Amino acid sequence: MPPKTHQQIQLSPKTRLVSAIAVALLVFFLLPSSLRISTRLLSTWAAGVSCLLMLTLLMMYGATAEMTRDRSQSYKISRISAVALILIAISSCVFAIGALLSSAKNSSFLLIALHLGLTIVSIACSWFLVHLMFAQQYAALYYYPNSSSQAYAGGLRFAEDITPDYWDFLYFAFVLGATAQTSDTFIVSRPMRRLVLVQTLLAFFFFVGILATSINVGSALLQSN
């Protein structure tokens with residue numbers, strides 16, 4: 001049984017999202033208005049997503065398989081909300097790279113370095129957010145209540161034949177997002193295969209988009225020198 005102090009800090013997905021938005025807005029209004037709007041927006045996005053990632057990982061930390069099942073069934077993230085966050089995350093990467101391209105023209109080295117750092121942070125936060133959202137969706141789909149003799153739907157078979165916790169779903173989602181393969185975990189249900197297909201396609205276009213735009217950024221930076 002995890003310590004009571006850990007259970008006291010659990011937050012629902014809605015509360016975590018509202019908290020992240022509040023942090024993002026606070027950062028936006030605290031930043032000096034003399035900064036470019038693109039710089040303020042990138043800083044706002046990075047701060048909000050970092051807060052959301054931290055709160056979500058804090059919720060997952062120390063969770064047993066039973067706690068993972070209960071939270072997945074009680075605190076469901078709607079598919080619409082998950083898709084919206086994923087699309088915003090991908091759009092933020094496009095915006096970050098576009099802002100970097102615009103700042104590379106007639107800008108000082110310091111400003112270019114600042115935007116390059118913010119772009120890297122924004123892309124990293126977005127990448128982690130996308131696959132973290134999928135990990136939660138896998139957990140929710142796996143532990144979806146089943147009316148048959150089985151207590152929940154399942155759909156994944158782990159190598160050790162265990163009852164998975166959040167970290168097992170994180171492992172599955174991030175391995176799939178980084179390598180486009182399922183490693184030692186087997187997909188044994190049609191709904192789970194569909195969700196895996198969506199994540200694999202998004203991860204592919206994410207990498208291709210970042211690679212293509214990075215080449216453009218490098219070209220623009222070389223031309224500006």
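The legends below describe close-up views of a predicted model. Local features need pLDDT of at least 70 and side-chain atom pairs count only at pLDDT 80 or more, while totals for chains, interfaces and linings use all residues. Residues are numbered from 1 along each chain as its sequence is written, and side-chain values use heavy atoms, with hydrogens and water left out.

**View 1. Helix 2 (residues 13-30) and its buried face.** Helices are DSSP runs (H or I, at least four residues), numbered from the N terminus. The end C-alpha atoms of helix 2 are 26 Å apart, in agreement with the 26 Å that its 18 residues should span at 1.5 Å a residue; the expected span is 1.5 Å times one less than the number of residues. Pro13, Arg16, Ala20, Ala24 and Phe28 are the buried residues of helix 2. Seen down the helix axis, these residues fall within an arc of 110°, so they line one face; the arc is that of the directions from the axis to the C-beta atoms. Buried means under 20% relative accessible area, exposed over 50%, and partly exposed in between (1.4 Å probe, protein chains only). The buried residues pack against helix 3 (37-60) and helix 6 (109-142). On the face turned away from the buried side are the exposed residues Lys14, Val18, Leu26, Phe29 and Leu30.

**View 2. Phe95 in helix 5 (residues 79-103).** Phe95 is partly exposed, with a relative accessible area of 36%. Not counting residues up to four places away in sequence, Phe95 touches Ser38, Leu41 and Leu42 (contact means heavy atoms within 4.5 Å).

**View 3. Helix 7 (residues 166-179).** Among the buried residues of helix 7 are Tyr166, Phe169 and Leu176. Just after the helix, Ala180 takes a positive phi of about 60°.

Conventions
Helix = DSSP H or I, 4+ residues; strand = E, 2+ residues; numbered from the N terminus.
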